[in-house]
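We will go from stop to stop, selecting as we go.

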Amino acid sequence: MTQLTNYKATKIRCRQWQDDYVIYDQLSGDTHVLDVVSGELICALSKQTMSRAKLLALLTELYVDVTESEIESYLFDFIEKFELLGLLISE
Amino acid sequence: MSNLPISNIASLSKSQLQQAIIKGLDFKVGCFNVRLVSPIVELVTHLHHLYGANELLAKEDFIDFHVQLSSPSTLRRYFRPQVNFFLDGYAPFKPLPYVQASALFEWGLNWCIASHANQYLIIHAAVVERNGQAFILPGTPGSGKSTLCAALVNQGWRLLSDEMTLLSTHDGQIYPVPRPISLKNQSIDVIKKRSPQSVFGQIVNDTVKGTVGHFCPPELSVQLGENPVFAAKLIFPKYKQGAETELSTLSKSKALLRAAGDCFNYNLLGVQGFDSLSGLVEQCACYEFHYSNLDEALILFTELSHQ
């Protein structure tokens, strides 16, 4: 996993209600409820491919009160979890 | 255009109805057209009691479901008689004891709709309407949805269905399929005591669901069987003996996940199912509802119907 690795979401539908995102994975047919941070990331990745560096920049811009290391750690977990779920593809 | 009144099943005498069913009785059930062929006398009584308001079809009308109920023609019919259900000549179920013919007709028709009507997202839920608002009540067996539905209908609510909510994937409206309400075990006596005037069909004991009785839908609900309505409330009821009446707001994301689990064809419809269900959840206020007292439940639902 390098800053140059690119990520994109698989074919999904997103709906947001308050702090919850509901994601429908069109490939697997699974429906997921995500927290607002994961939801915003995965929806952004369904619109365009992003590098790890760009994802970090997006998170830093959205969550100004959070430290860089917390964001790094969150992104690491996010990528691992969503690749495992099949919602995220690395290129 | 003909000015003749539309004929319904009640316009036939019992013997005419029997003759018609032997040859094939074509009638409307909500937005579906059904042809029933059967020599079974108990079905005549069932239709006579519970389907009187259903419109008879013209010869040229398209039939959605060609249904047949008959006894196997083996020697067995003399010892332990049974009944089979067929759709287009195919028997989806094992035969049941002959005395359960009317229940098998109802269950079989449920299966026909749930397995074939994929122009709708089908939620395992009762649906009733008042003041132009449809209330959807999803629930697994034992959740008390049918009892609550029957009690509401007896209070003048319009019945769209006690079993299947048909959400159109095209226009987002709920399409009615008003049929007899299936009550089980203690629920039958509960509703009979509350509404002694209510009409029940044959009470069938020892089915796989216990004792089953079908309660006649109101005539007006059947007559409005082709008029869809938009949903306003999505309420997940749970009957529990001794429980306080409690209505709590459910987040839309949780409501969507729970309703998806109650659908017959959510996975089959794919993204269309998700779009339809998320559209429904968007337009509805979503709640969890715990109850044990039907009177309190009715008051609360009446208040909700004014919101």
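Start with the largest cavity, which holds about 40 Å³ of space. This is a predicted model: local features need pLDDT of at least 70, side-chain atom pairs count only at pLDDT 80 or more, and totals for chains, interfaces and linings use all residues. Residues are numbered from 1 along each chain as its sequence is written, chains are lettered from A and ligands numbered from 1 in the order in which they are written, and side-chain values use heavy atoms, with hydrogens and water left out.

A cavity, on a 1 Å grid over the protein atoms alone, is a set of points where a 1.4 Å probe fits but cannot get out. Grid points are joined across faces, edges and corners, and a volume is the space filled by probe spheres set on the points. A search of the whole structure finds one cavity of 30 Å³ or more. Select its lining: B:Asn110, B:Ser161, B:Asp162, B:Glu163, B:Met164, B:Val177, B:Arg179 and B:Pro180. Lining residues have an atom within 4 Å of a point.

Next, the largest pocket. A pocket is an open set of points with protein on both sides within 12 Å along at least five of seven lines. The largest pocket has a volume of about 730 Å³. Its lining has 34 residues, and the closest to its centre are B:Gly142, B:Gly144, B:Thr147, B:Lys184 and B:Ser187. Now colour helix H6 (186-194) of chain B, one of the elements that supply at least two lining residues each. H6(B) gives the most, with four residues. Helices (H or I, at least four residues) and strands (E, at least two) are DSSP runs, numbered from the N terminus.

Stay in chain B for a sheet. Five strands form an open sheet in the order S1-S2-S3-S4-S5, with mixed pairing. Two strands pair if DSSP finds at least two bridges between them. The edge strands are S1 (25-29) and S5 (96-97) of chain B, each pairing on one side only. Select strand S3 (residues 65-70) and strand S4 (residues 82-87) of chain B: they pair in the antiparallel sense over four bridges. Which residue in S4(B) is the bridge partner of B:Val67? The partner is B:Leu87.

Move to chain A and show the sulfur atoms. A:Cys14 and A:Cys43 form a disulfide, with their sulfur atoms 2.4 Å apart. A disulfide is a pair of cysteine sulfur atoms within 2.5 Å. The pair links distant parts of the chain, 29 residues apart: A:Cys14 is in strand S2 (residues 12-17) and A:Cys43 in helix H1 (residues 36-47) of chain A. Are these two cysteines buried or exposed? A:Cys14 is partly exposed, at 27% relative accessible area, while A:Cys43 is buried, at 8%. Buried means under 20% relative accessible area, exposed over 50%, and partly exposed in between (1.4 Å probe, protein chains only).

Compare B:Cys112, which is in no disulfide; the nearest cysteine sulfur, in B:Cys31, is 14 Å away. B:Cys112 is buried, at 0% relative accessibility.

Last stop: A:Lys11, in the loop between strand S1 (6-9) and S2 of chain A. A:Lys11 is exposed, at 55% relative accessibility. Leaving out residues up to four places away in sequence, A:Lys11 touches A:Tyr24, A:Asp25, A:Gln26 and A:Leu27. Contact means heavy atoms within 4.5 Å.
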